[in-house]
Amino acid sequence: MKTNWYRLGLLAIALAAPLAAAKPPIPPAPPQTGVWLNADRQALEAARGAQTEPSGAAAPLLPVVEDLKALIGNDPQLYMLFTQMFEQVPREPPYLVDPVGNPAVRDYREMLQLMSRILTQAPEFNETGLVGFPINAILNWAMGTPAGTTAFLDARVNAQLKKILNQWAVFLRSPDSRTVLSDDPETGWFGAKALAAMPEFTADFESDPSLPHHGYASWDDFFTRRFREGRRPVASPQDDSVIANACESAPYRLAKGVQLTDRFWIKDQPYSLAHMLAGDPLTPQFEGGTVYQAFLSALSYHRWHSPVSGRIVKTRLIDGSYYAAAQTAGFDPASPNESQGYITQTAARALIFIEADNPDIGLLAVLFVGMAEVSSNEITVYEGQHVNKGDQLGMFHYGGSTHALIFRPQVDLEFDLHGQSPGMDSENIPVRARIATVRGGDPQ
């Protein structure tokens with residue numbers, strides 16, 4: 001299955017009736033984004049239909065969302081930005097409605113109401129076969145505006161968004177989130193439609209169909225499921241010249257001669273190592289080196305594995321943005337799909353330095369980047385630990401995302417992308433499969 005990426009929209013209540021009648025068509029998204037886009041819209045649609053108050057009054061916000069409301073309302077700059085980001089979205093198709101004719105979100109107060117509803121829901125299976133990101137769907141068009149670009153880089157906003165996403169994670173790790181792990185033929189993850197979309201699920205992943213919810217303790221337990229032994233063998237486990245794929249992911253970009261600092265916000269979104277690695281003292285060793293970036297599907301496997309055998313030198317969880325997008329990407333219909341290079345420098349991410357056993361590789365940096373709802377990065381190794389190629393390093397919780405391997409300039413690499421060129425229409429390379437071979441030499 002091709003790896004696809006993100007998103008979407010909803011309009012002012014006063015325009016709802018005429019728009020519902022006319023239902024102006026939304027231009028089709030590019031093939032690589034369209035399926036994911038519809039998944040997000042369907043997930044948001046479910047949130048809009050849930051917990052409706054009989055009186056029509058707005059439901060009370062959950063405390064963590066109420067705190068975001070207070071932050072916006074009490075700060076003149078943030079109040080201006082969150083008001084303007086919705087006003088700056090064009091008042092014409094495709095920005096007016098979602099594909100089923102529902103009005104687009106045009107006010108941050110409605111944004112808050114929808115966020116609050118989402119935090120007590122787990123994503124159902126939908127006809128796209130993918131997991132939708134409903135919060136990202138609310139913000140998709142706003143992310144492409146000048147006001148949105150500024151607001152979603154604000155440290156105070158991101159600190160509160162982190163609390164909101166962490167609160168959702170509490171629900172997704174609870175037994176209450178298992179209601180969608182059912183055999184409902186339409187919306188259950190083990191129903192007829194879901195199993196048709198995932199025909200190899202039982203063979204691929206550790207699960208027990210004889211148990212309720214296939215034995216999963218929560219939605220998060222299902223989402224971070226493991227492959228069965230032997231389903232993803234390690235490429236050449238005894239050959240330290242072979243580099244394994246760190247995630248079940250599709251090639252996005254391969255860059256050489258990467259600069260220590262660069263203008264990562266321009267259209268080409270070049271890598272800027274000092275910003276990617278958050279100014280870590282080890283960063284200068286990678287100046288002029290190679291970056292390989294790949295992205296994950298939301299329906300795929302979300303654990304990270306070591307691309308080499310070696311010693312864990314350092315681990316870091318780096319706070320950053322959650323819904324920031326490159327302004328040069330414009331109104332990306334699947335944002336932050338077109339901003340993947342940019343967010344390696346700005347988004348919440350996990351950084352792991354590994355000193356490879358193979359001296360021709362030496363120090364390697366592995367970067368796991370959260371995107372939107374997919375920003376709960378968990379590192380499961382410790383500094384000083386020795387790992388073998390293919391061993392687990394950590395995982396993403398909820399959603400697809402992107403990751404990068406960063407090599408020093410002396411490392412002579414021959415990449416094997418399984419007959420593909422990097423880009424948004426590439427397909428997954430299995431985790432722990434070969435992606436590169438290092439040629440002999442002395443990188444010291």
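**Close-up views of helix packing and nonpolar cores**

**View 1. The pair H5 and H6.** The crossing of H5 and H6 is left-handed, meaning that the near helix is turned anticlockwise from the far one by less than a right angle. This is a predicted model, in which local features need pLDDT of at least 70 and side-chain atom pairs count only at pLDDT 80 or more, while totals for chains, interfaces and linings use all residues. Residues are numbered from 1 along each chain as its sequence is written, and side-chain values use heavy atoms, with hydrogens and water left out. The axes of helix H5 (residues 108–118) and helix H6 (residues 134–143), which are lines fitted to C-alpha atoms over the stretch in contact, come within 9 Å and cross at roughly 165°. That makes H5 roughly antiparallel to H6 (angle over 145 degrees).

**View 2. Residues between H5 and H6.** Met111, Leu114, Met115 and Ile118 in H5 meet Pro134, Ile135, Ile138 and Leu139 in H6, where contact means heavy atoms within 4.5 Å.

**View 3. The largest nonpolar core.** This core has 56 residues, and those with the most contacts inside it are Met111, Leu139 and Trp219; a nonpolar core is a set of buried Ala, Val, Leu, Ile, Met, Phe, Trp, Tyr and Cys residues joined through side-chain atoms within 4.5 Å, and buried means under 20% relative accessible area with a 1.4 Å probe, protein chains only. H8 gives the most to this core, with seven residues.

**View 4. Around Met111.** Leaving aside residues up to four places away in sequence, Met111 touches Leu68, Ile72, Phe82, Phe86, Val105, Ile138 and Leu139.

Methods:
Axes are lines fitted to C-alpha atoms, for helices over the stretch in contact, and angles run from 0 to 180 degrees between N-to-C directions. Helices (H or I, at least four residues) and strands (E, at least two) are DSSP runs, numbered from the N terminus. Angles under 35 degrees count as roughly parallel, over 145 as roughly antiparallel, 65 to 115 as roughly perpendicular and the rest as oblique. Buried means under 20% relative accessible area, exposed over 50%, partly exposed in between (1.4 Å probe, protein chains only).
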